[in-house]
Amino acid sequence: MNKDTLSTDEMKIWWMWKNSFENIFGKIAKDTAKQTGLSENDFGILDRLINHGQGELRQQKLVDLLGWTKSRLSHYLMRMERRGLIQRKSLDHGNGINVVITSFGKKELDNLRPVLAKEIRKHFLDKLTKQDIDSITKLAKKTENDLHDK
């Protein structure tokens, strides 16, 4: 087998996997944003503030968790701050910025969660059998180490 090229069947399965994910993810993100006013990026940041920092994280930690550039995150956080979802606070020693979810941001995140759950079920989970879930879990575990090696 030539490792430098993909067969027609290998390309087919890759595109099926990729397109399926993008289609499902896109529907969930679009429907959730339409109902809540929060984008997938808003959710990703607010969720990480709660789940990785009890509501507060250093901006650099968010860069690392999201895999974004400092510039991209900084610009995005400015927009979220203007909307009242987060606050940015310079650290006393001037070495970095803490990002803090506001009470409004927490309320919006709490309002989003049941909508997101409903959309994930509608567009993904309700379509799966127990065997499908087992197969997806097995695949995710096989590839999980690749994600953590970066």
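Modeller: The account below begins with the basis of the model and then turns to the sheet and its surroundings. The model is predicted: local features need pLDDT of at least 70, and side-chain atom pairs count only at pLDDT 80 or more, whereas totals for chains, interfaces and linings use all residues. Residues are numbered from 1 along each chain as its sequence is written, and side-chain values use heavy atoms, with hydrogens and water left out.

The protein has 6 helices and 3 strands (DSSP runs of H or I with at least four residues, or of E with at least two, numbered from the N terminus). Along the sequence they follow the pattern α-α-β-α-α-β-β-α-α.

The 3 strands make up an open, antiparallel sheet in the order E1-E3-E2; two strands count as paired if DSSP finds at least two bridges between them. Strand E1 (56-58) and strand E2 (86-90) are the edge strands, each of them pairing on one side only. Neighbouring strands are turned against each other by 25° on average, direction ignored (axes are lines fitted to C-alpha atoms, for helices over the stretch in contact, and angles between N-to-C directions run from 0 to 180 degrees).

On one side of strand E3 (residues 97-101), 3 bridges join this strand to E1 in the antiparallel sense, and Arg-58 stands opposite Asn-98 in E3. The pairing of E2 with E3 is also antiparallel and runs over 5 bridges; here Arg-88 stands opposite Val-99 in E3. E2 and E3 form a hairpin with 6 residues between them, and Gly-94 in the turn has a positive phi of about 70°.

The axes of H3 (residues 59-66) and H4 (residues 70-82) come within 10 Å of each other and cross at roughly 115°. That makes H3 roughly perpendicular to H4 (65 to 115 degrees; under 35 is roughly parallel, over 145 roughly antiparallel and the rest oblique). The crossing is right-handed, meaning that the near helix is turned clockwise from the far one by less than a right angle, anticlockwise being left-handed. Gln-59, Gln-60, Leu-62, Val-63 and Leu-66 in H3 meet Lys-70, Leu-73, Ser-74 and Leu-77 in H4. These residues divide into 5 nonpolar, 3 polar and 1 charged (Ala, Val, Leu, Ile, Met, Phe, Trp, Tyr, Cys and Pro count as nonpolar, Asp, Glu, Lys and Arg as charged, and the others, Gly among them, as polar).

H3 also packs against H2, at an angle of about 115° and with the axes 11 Å apart. H2 and H3 are therefore roughly perpendicular to each other, and H2 passes H3 in a right-handed crossing. In this contact Gly-44, Ile-45, Arg-48, Leu-49 and His-52 of H2 meet Leu-62, Leu-65 and Leu-66 of H3. By class, the contact of H2 with H3 has 5 nonpolar, 2 polar and 1 charged residues.

Methods: Contact = heavy atoms within 4.5 Å.
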